[in-house]
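Colleague: I'd like to learn how to read a model like this one, feature by feature. Could you walk me through it?

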Amino acid sequence: MVAALWRVNVAEELQYRANLVASVLGTLFNMATALLTLALFFRHASRLGGWDYWEVVVLLGVFNTLSGVVEAILRPGIGQLAGEVRSGSLDLVLARPVDAQAFVSFRRLDIWRLSDVVLGLGLTGYALWRLGSVPPILALIAFAVALAAACVVVYAIWVALMSLAFWFVSVENLSVLFDAVYAGARYPVSAYPGALRFLFVYLIPIAWTTTVPASALTGRLGPETAFGAAIVGIVAFLLARLVWRAALKKYTGASG
Amino acid sequence: MSGAGAWARRYWALMRNAWLVDFQYRAAIALWLLWGMMEPAIALGIWWGVAGTGDVAGYGRADFARYFFAVMLVNQLTIAWDSWYLDRWIRNGELNFRLARPLNPVHEALADNLAYKARSAGFLIVLWLVVAAVWPPVRLPFDPARWALTAVAVALAAGMRFFISYATGLTAFWTTRATAIMELHAGLSLFLAGRIAPLALLPPAVAGVAGVLWFSSMLAFPVNLLTGAVQSTEALLRGFAGQVVWLAFWFAAYRLAWSRGLRKYGAVGG
């Protein structure tokens with residue numbers, strides 16, 4: 001089903017090649033801003049949370065990759081949920097004979113935003129080259145697993161965030177809130193003081209999305225990290241499913 | 001059942017309803033405040049680590065804490081968001097029925113802006129007081145004269161940012177990529193307005209540009225005034241002068257964009 005939906009999207013989107021240029025320019029601008037911010041921090045410090053400049057750039061590349069996934073799949077999919085709950089059009093979605101969560105989550109593919117994924121991985125690769133580091137095959141596998149788990153964690157955060165719309169109907173701009181909070185994932189979690197570190201590891205687990213994959217790639221964490229990441233990913237998915245179910249029950253129950 | 005019991009139940013229902021509506025409303029405001037607090041909180045977190053037990057260009061941990069709390073407050077009091085919906089209105093034709101109204105839409109926008117700030121400012125000030133009670137670094141010396149001056153600077157900055165937002169939104173009359181202009185401005189102001197770091201930490205040339213243009217007037221000056229980083233009368237006068245000049249500039253830019261833009265909009269039959 002997802003493939004069918006995406007085929008239609010991609011066919012539409014391919015007609016708007018200007019969007020690719022705009023998307024790429026936008027991403028490059030954001031990357032430039034992020035690198036300049038990093039340069040500013042490193043103007044006054046030689047390490048950030050124990051990470052040196054190019055290590056943090058590796059992490060920044062991972063951040064951009066995940067942002068690409070968010071913009072290409074999550075925001076156009078589940079990101080629309082809050083607005084639909086408010087306008088009532090969610091009922092149309094729920095009437096379909098498919099699993100609502102799967103449909104809502106993956107109904108759209110903004111294919112041009114996948115350029116962020118390419119650019120992000122490119123930045124990571126470049127930073128690794130500047131570090132003079134060639135990750136061993138185990139580290140690459142661990143990275144891939146951690147990155148996949150990171151996608152699931154980010155997805156789970158979106159589900160939890162959007163589910164707020166079922167209880168607080170007037171909160172339309174939840175997706176903007178995600179951007180603000182997720183910006184914390186641009187830096188290694190060790191760069192933050194205790195309170196923020198706790199927030200980003202346990203409460204809004206964005207540390208797992210960028211710090212862990214980047215650490216696996218640069219060898220800061222061993223390949224066994226992949227197991228931890230996989231577990232976190234699975235737990236996150238299950239929690240997201242639970243939250244979705246509870247929210248849906250409330251929604252359909254209220255209107256009767 | 002007696003009349004009194006029925007009335008009691010009605011009032012209970014009405015009050016509960018009012019509370020729920022109010023609650024939704026407050027939840028929305030709380031989320032916007034949370035959104036506004038994240039960027040300064042993250043920046044503070046990083047600089048806190050960088051400063052360590054020493055300082056960075058004269059800023060120690062406590063100085064950073066005071067600076068970024070001031071940024072949170074001043075940003076909430078000066079923020080404007082009109083560029084986004086103006087761009088949308090112009091592109092999808094929603095501007096038309098608003099033009100038919102007797103009052104220029106800018107008045108409603110300004111009123112809405114002020115109302116939001118009135119609501120959220122109180123909350124933030126209370127939050128600062130609570131945090132200051134338990135966390136010494138963010139405490140400010142009791143200085144009503146300075147606070148009064150800050151209020152003036154905040155008002156000037158708020159006016160300026162309102163017209164910047166409005167004018168950049170109106171560029172949608174001429175381009176479909178008005179949001180790109182807004183993003184460019186936001187990206188520049190991240191550094192030049194002092195959102196990511198106090199201007200003293202920027203390379204001197206960059207900080208100079210911020211001072212010459214409107215960026216330092218829109219956030220950094222009121223923030224530095226509040227935290228006490230602006231001390232001399234000369235710096236004070238220079239700051240206020242800059243604010244007045246740039247407020248006038250952006251007001252003129254708005255007027256120009258509005259009159260020229262409407263002419264163009266009307267010509268196309270919009």
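Colleague: Where does A57(B) lie?

Modeller: Elements first: helices (H or I, at least four residues) and strands (E, at least two) are DSSP runs, numbered from the N terminus. On that scheme, A57(B) sits in the loop between α1 and α2 of chain B. Before we go on, this is a predicted model, where local features need pLDDT of at least 70, side-chain atom pairs count only at pLDDT 80 or more, and totals for chains, interfaces and linings use all residues. As for labels, residues are numbered from 1 along each chain as its sequence is written, while chains are lettered from A and ligands numbered from 1 in the order in which they are written.

Colleague: What is the phi of A57(B)?

Modeller: The general idea is that most residues other than glycine have a negative phi. A57(B) has a phi near 50 degrees, a positive value in a residue other than glycine.

Colleague: At what angle do α1(B) and α2(B) cross?

Modeller: Axes are lines fitted to C-alpha atoms, for helices over the stretch in contact, and angles run from 0 to 180 degrees between N-to-C directions. The axes of α1(B) and α2(B) cross at roughly 165 degrees and come within 9 Å.

Colleague: Which hand does the crossing of α1(B) and α2(B) have?

Modeller: Look at how the near helix is turned from the far one, by less than a right angle: anticlockwise is left-handed, clockwise right-handed. The crossing of α1(B) and α2(B) is right-handed. Residues including L33(B), W47(B) and W48(B) in α1(B) meet residues including F64(B), F68(B) and M72(B) in α2(B). By class, that contact divides into 13 nonpolar, three polar and one charged. Here Ala, Val, Leu, Ile, Met, Phe, Trp, Tyr, Cys and Pro count as nonpolar, Asp, Glu, Lys and Arg as charged, and the others, Gly among them, as polar.

Colleague: How many degrees is the angle between α2(B) and α9(B)?

Modeller: About 130 degrees, with the axes 9 Å apart, for α2 (residues 61-78) and α9 (residues 215-227) of chain B. The two helices are therefore oblique to each other, and α2(B) passes α9(B) in a right-handed crossing. Among the residues that meet are Y67(B) and V74(B) in α2(B), and M218(B) and L226(B) in α9(B).

Colleague: How many residues of chain B are in contact with chain A?

Modeller: 23 residues of chain B, against 25 of chain A. α1(B) gives the most to the chain B side, with 15 residues. That side has 18 nonpolar, four polar and one charged residues. M38(B) is partly exposed, with 17 other C-beta atoms within 10 Å. Leaving aside neighbours within four places in sequence, M38(B) is in contact with A180(A), V181(A) and A183(A).

Colleague: Last one: which residues have the most contacts inside the largest nonpolar core?

Modeller: A nonpolar core is a set of buried Ala, Val, Leu, Ile, Met, Phe, Trp, Tyr and Cys residues joined through C-beta atoms within 7 Å. The largest has 145 residues, and those with the most contacts inside it are A146(A), V153(A), V154(A), W158(A), W47(B) and M160(B). Helix α8 (residues 137-167) of chain A gives the most to this core, with 20 residues.

Conventions. Buried ≥ 20, exposed ≤ 12 C-beta atoms within 10 Å, placed from the backbone. Contact = placed C-beta atoms within 7 Å. Parallel < 35°, antiparallel > 145°, perpendicular 65-115°, else oblique.
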